[in-house]
Amino acid sequence: MRLIRASECRAMPWKNGGGTTTEIALHPQGASLDAFDWRISMAHVGGDGPFSSFPGIDRTLAVLRGDGIRLALSDGETVMLDRQTEPFAFAADRAVAGQLVAGPIDDLNVMSRRGGWTHAMRRIIGASSHAVGIDAGLLVLVAPAGDWTVTWSRGAEILAPGDSALLDGPAQVELSANNPENEIFAITLVPTS
């Protein structure tokens with residue numbers, strides 16, 4: 001397991017210059033925003049506006065803090081996202097505009113290159129023990145508010161606020177938190193070839 005502490009993550013401008021994002025993990029390391037295979041980041045969204053376009057990329061978005069965001073997609077579909085909704089998956093090359101419900105939000109983004117990788121994101125809430133695993137590929141755990149214990153075959157680690165952990169598959173972990181309202185995100189990334 002590779003720990004990614006919040007202090008190691010780098011902040012950078014959005015591709016369209018409309019805000020800032022904190023990059024958690026990227027493959028290959030050092031790739032530009034036009035050349036990554038997959039990318040995990042958190043963003044602060046302070047106003048309404050269009051999303052950056054990422055040709056050939058699939059994206060999943062989840063709200064971490066704030067009252068939510070309404071997405072208007074180019075085909076007329078609208079989606080409301082808040083802290084209770086499931087993460088929303090969509091093609092990142094679709095035109096999307098976001099309208100904040102009541103003030104700024106923070107969100108979690110996972111993006112993977114179509115035809116090279118697939119990904120899935122799951123929100124886990126509660127203090128009881130949760131088993132999470134992957135047969136192949138990568139398992140990434142993101143703890144926005146922290147205080148999660150990750151137990152695996154070689155021991156246990158504590159994820160503080162903003163920390164993440166990356167495990168190569170096959171991998172099995174047990175997740176537990178003291179606070180029943182804590183949330184953690186389990187992300188799987190699987191190469192398609």
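Strands here are DSSP runs of E, at least two residues long, numbered from the N terminus. A quick word on the source: this is a predicted model, where local features need pLDDT of at least 70, side-chain atom pairs count only at pLDDT 80 or more, and totals for chains, interfaces and linings use all residues. Residues are numbered from 1 along each chain as its sequence is written, and side-chain values use heavy atoms, with hydrogens and water left out.

Back to His27. Its relative accessibility is 32%, so His27 counts as partly exposed. That class lies between buried, under 20% relative accessible area, and exposed, over 50%, with a 1.4 Å probe and protein chains only. What does His27 touch, leaving aside its neighbours within four places in sequence? Phe36, Asp37, Trp38 and Trp117. Contact means heavy atoms within 4.5 Å. His27 and Met121 are 94 residues apart in sequence, and their C-alpha atoms are 17 Å apart in space.

Next, strand S11, residues 105–113. Eight of its nine residues are buried, so the rest of the structure largely encloses S11. S11 pairs antiparallel with strand S4, residues 38–45, over eight bridges. Pairing requires at least two DSSP bridges between two strands. Within that pair, Val45 has Ile105 as its bridge partner. Strand S6, residues 57–65, also pairs antiparallel with S11, over eight bridges. There, Asp58 stands opposite Ser112.

Now an open sheet. Five strands run in the order S1-S17-S14-S19-S12, with antiparallel pairing. S1 (2–4) and S12 (117–125) are at the edges with a single partner strand each, so one side of each has no neighbour in the sheet. Inside this sheet, six bridges join S14, residues 138–143, to S17, residues 163–168. Val140 stands opposite Leu166 in S17.

Last, the cores. A nonpolar core is a set of buried Ala, Val, Leu, Ile, Met, Phe, Trp, Tyr and Cys residues joined through side-chain atoms within 4.5 Å. The largest one has 20 residues. Ile24, Trp38, Ile40, Leu108, Val142, Ile187 and Leu189 have the most contacts inside it. Which elements give two or more residues to this core? S3, S4, S6, S11, S12, S14 and S19 (183–191). Take Ile187: not counting residues up to four places away in sequence, its contacts include Ile40, Leu108, Met121, Val140 and Val142. Another core lies apart, with 18 residues, among them Ala143, Leu167, Ala171 and Val173.

How values were computed. Helix = DSSP H or I, 4+ residues; strand = E, 2+ residues; numbered from the N terminus.
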